[in-house]
Amino acid sequence: MKSGFATERLVALLKCLLAAYLITGVMLVAVAGLLYKFSLGENVVDVGIIVVYCISSLLAGLFFSKGAMSRRFLWGMAAGAVYFLIICAVTFAVERQVHLMSSSCITTLLICTGSGMLGGMLG
């Protein structure tokens with residue numbers, strides 16, 4: 001693998017993740033607004049957060065796989081996995097603990113990587 005190609009893919013990944021997190025921020029603000037306006041229950045908010053993760057990971061995988069010549073689904077899955085790892089890093093920075101083997105963490109990993117892979121296949 002040429003170092004120019006690796007640098008190019010890393011820059012593309014960072015741009016895609018930045019876009020995904022901007023989209024995540026906007027959508028989470030929308031969920032918070034709906035929560036405030038309609039006094040939604042915890043289950044509805046949980047579903048909203050899952051939808052936000054799905055859409056953001058899907059778009060990250062879609063955008064990141066655009067520059068790949070082959071195996072786009074793997075590039076999309078990589079984008080979803082890195083998206084998840086950043087979520088874990090932020091969670092650790094805020095809470096000083098991450099339960100990586102909890103069912104919700106594993107579910108979030110599967111959602112992010114699966115959505116990223118789907119985005120890669122659509123790209």
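A word on exposure before we start: a residue is buried under 20% relative accessible area, exposed over 50% and partly exposed in between, with a 1.4 Å probe and protein chains only. This is a predicted model, in which local features need pLDDT of at least 70 and side-chain atom pairs count only at pLDDT 80 or more, while totals for chains, interfaces and linings use all residues. Residues are numbered from 1 along each chain as its sequence is written, and side-chain values use heavy atoms, with hydrogens and water left out.

**Stop one: a loop residue**

Please select Arg 71, in the loop between helix 2 (42-65) and helix 3. Helices here are DSSP runs of H or I with at least four residues, and strands are runs of E with at least two, numbered from the N terminus. Is Arg 71 buried or exposed? Arg 71 counts as exposed, at 59% relative accessibility. Look at its backbone too: phi is near 50 degrees, a positive value in a residue other than glycine.

Now move to Arg 96, in the loop between helix 3 and helix 4. Phi is positive here as well, near 65 degrees, and Arg 96 is exposed with a relative accessible area of 62%.

**Stop two: the aromatic rings**

Next, show the aromatic side chains. Rings of Phe, Tyr and Trp (its six-membered ring) pair if their centres lie within 6.5 Å; planes under 30 degrees apart are stacked, over 60 edge-to-face, and the rest tilted. How many aromatic pairs does a search of the whole structure find? The search finds four.

Select Phe 5 and Trp 75, an edge-to-face pair with 6.3 Å centre to centre and 80 degrees between the planes. Phe 5 belongs to helix 1 (residues 3-38) and Trp 75 to helix 3 (residues 72-95), so this pair ties together parts that are 70 residues apart in sequence. Phe 5 is partly exposed at 32%, and Trp 75 is partly exposed at 23%.

Go on to Tyr 21 and Tyr 83: their ring centres are 4.6 Å apart and their planes at 15 degrees, so the pair is stacked. Tyr 21 sits in helix 1 and Tyr 83 in helix 3, 62 residues apart. Tyr 21 is partly exposed at 25%, whereas Tyr 83 is buried at 0%.

**Stop three: two cysteines**

Select Cys 88 and Cys 105. Their sulfurs are 4.3 Å apart, too far for a bond. A disulfide is a pair of cysteine sulfur atoms within 2.5 Å, and the structure holds zero of them. Cys 88 is buried at 11%, and Cys 105 is buried at 10%.

**Last stop: the end of helix 4**

Finish with Leu 122 in helix 4. Leu 122 counts as exposed, at 56% relative accessibility.
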